[in-house]
Amino acid sequence: MMSRENWLHELPAHVREAIVARMTTVEIPAGQTLRRTGDRAVGMYQVESGYVRLLGLNPDGRQVLILLYRPGNCFGETPVIARRPFNHTTVALTDVRLRMLAERDFWELYGEFREIPDALCRKFANNTSRQFAMREMRSTFRLRQLISVCFASLADHCGKPFADGSVLVELPLVQGDFADFLEVTRQAVQREIGALKAAGQISQRRGHWLLHNVEGLRVDGLAFGAA
């Protein structure tokens, strides 16, 4: 659901500083839409704090979760470079603080510093590799393994650890989000999450997920099985 992608951080310090100097900051409350499908590209964004949903549109008109952006992640570069509107909708999952680089500034810096297109090329190549890896996982892992992978990944990216070894994921994610992301029915996800709860691996606390055995989830997720 998340990645540690931060191509700005990979740039030489002088290039990164030139970009940051032209960025503006915007704060978005939880639940507010930042860009909608079909909106014109106006620049690229980097998450400074909080989490953002990237949503796709099903043929039935329902919005579904594609992935989550975490602090450090950048988004919006693709429609700027392709000179097309946004293909997806971005919504603040929590209160979010973003840095924005306007389209004009993006192109000026893109032309000035060769390191920028090089870094973006690596980002897009890595994104493609992750998409292929996810396709392979969906075809070779059982659903419970996929859900275990999701929970273990959330623990790594945004978990709050406790002294007893449990980890709290303080994001308002519901079972339907996992179903949308994994492209399966909500009933199937409900059944598998119920089994993980019964096994004492996970529970819920005030709308958030409490993971009691992250290493167990990680091991379960890494074990291959027939789909």
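Trainee: Which residues does Phe178 touch, not counting residues up to four places away in sequence?

Mentor: Phe178 touches Met1, Cys150, Phe151, Leu154, Leu173, Val189, Ile193 and Trp209. Contact means heavy atoms within 4.5 Å. This is a predicted model, in which local features need pLDDT of at least 70 and side-chain atom pairs count only at pLDDT 80 or more, while totals for chains, interfaces and linings use all residues. Residues are numbered from 1 along each chain as its sequence is written, and side-chain values use heavy atoms, with hydrogens and water left out.

Trainee: What makes a set of residues a nonpolar core?

Mentor: Its members are buried Ala, Val, Leu, Ile, Met, Phe, Trp, Tyr and Cys residues joined through side-chain atoms within 4.5 Å. Buried means under 20% relative accessible area, exposed over 50%, partly exposed in between (1.4 Å probe, protein chains only). The largest such core has 35 residues, and Phe178 is among those with the most contacts inside it.

Trainee: Which element gives the most to this core?

Mentor: α6 does, with eight residues. Helices (H or I, at least four residues) and strands (E, at least two) are DSSP runs, numbered from the N terminus.

Trainee: Why are β1 and β6 called edge strands?

Mentor: Two strands pair if DSSP finds at least two bridges between them. The open sheet has the order β1-β8-β3-β6, with antiparallel pairing. β1 (24-28) and β6 (74-75) each pair on one side only, hence the name.

Trainee: How do you know that β3 and β6 pair?

Mentor: They share two bridges, in the antiparallel sense, and the definition asks for at least two. Gln46 stands opposite Cys74 in β6.
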